[in-house]
Amino acid sequence: MDLEKEFGFDETLAEGGVWVPVGANGTRILIAAMPNAKLERHMEAITRRFRQLNKDVPEEIHEESVAKCVLLGWEGIEEAGQPVEPSEANRLAMLRKYSRFKSLVIREAINLKNFQRDEEKNS
């Protein structure tokens with residue numbers, strides 16, 4: 001077994017994102033890994049603040065963090081037949097509105113095989 005092929009991880013891809021096909025007609029999402037350095041920096045102060053309050057970080061803040069640091073873009077996403085631009089506000093809105101879409105994004109972001117160096121797959 002080649003450990004690099006099986007377990008190698010590219011930090012640049014983890015933070016910069018990779019394109020993952022998610023549906024018909026070339027639909028794909030650009031996702032960064034969970035965790036990644038940008039997400040960890042973003043969540044550090046938030047987590048510290050809620051820990052001081054003896055509270056868990058609310059789901060709404062996790063969703064904002066995913067929209068900002070994990071779901072970086074998309075191609076081919078529509079809602080009611082209309083294209084949806086991948087702005088941060090739209091990414092957050094789609095994550096909140098469609099829980100199965102949010103689950104898909106998180107599942108792909110924690111799948112570390114997505115972030116192995118593979119020039120053909122990630123172009």
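**Note on the predicted model**

1. At 78% relative accessibility, A80 counts as exposed, since the threshold for that class is over 50%. The model under review is a predicted one. A80 lies in the loop that links β4 (78-79) to β5 (82-83). Although A80 is not a glycine, its phi is positive, at about 55 degrees.

2. N54 belongs to the loop between α3 and α4. With a relative accessibility of 75%, N54 counts as exposed, because that value is over 50%.

3. The backbone also contains a cis peptide bond, between M34 and P35, with omega at about 0 degrees. P35 sits in the loop that runs from β2 to α3.

4. As to overall architecture, the secondary structure consists of six helices and five strands. Along the sequence these elements follow the pattern α-α-β-β-α-α-β-β-β-α-α. Taken along the principal axes, the box filled by the C-alpha atoms is roughly 45 × 45 × 20 Å.

5. Three strands form an open sheet in the order β1-β2-β3, and their pairing is antiparallel. β1 and β3 are the edge strands, each with a single partner, so one side of each has no neighbour in the sheet. From one strand to the next, the twist averages 25 degrees. β1 and β2 are joined by four bridges, and P21 stands opposite R28 in β2.

6. Which residues of the largest nonpolar core touch the most other members? They are I29, I31, L71, W74, L95, F101 and V105, out of 29 residues in this core. Elements giving two or more residues to the core include β1 (18-21), β2 (28-31) and β3 (71-75), and among the helices that do so are α3 (37-52), α5 (88-97) and α6 (99-110). In soluble globular proteins, nonpolar side chains tend to be buried together.

7. Leaving aside residues up to four places away in sequence, I29 touches V18, W19, V20, V22, L71, G73, W74, F101 and V105. Of these, L71, W74, F101 and V105 are also listed with I29 among the core residues that touch the most other members.

8. Some totals for the chain complete the note. Of its 123 residues, 37% count as buried. Among contacts between residues at least 6 apart in sequence, 58% join residues at least 24 apart. The chain exposes about 7900 Å², of which carbon and sulfur atoms supply 51%.

Key:
Residues numbered from 1 in each chain as written. Predicted model: local features only at pLDDT ≥ 70, side-chain atom pairs only at ≥ 80, totals over all residues. Heavy atoms only, no water. Core = buried A, V, L, I, M, F, W, Y, C linked by side-chain atoms within 4.5 Å. Buried < 20%, exposed > 50% of the residue type's maximum accessible area, 1.4 Å probe, protein only. Contact = heavy atoms within 4.5 Å. Pairing = 2+ DSSP bridges. Axes fitted to C-alpha atoms, helices over the stretch in contact; angles between N-to-C directions. Areas by Shrake-Rupley, 256 points an atom, 1.4 Å probe, with all protein chains shown as cover.
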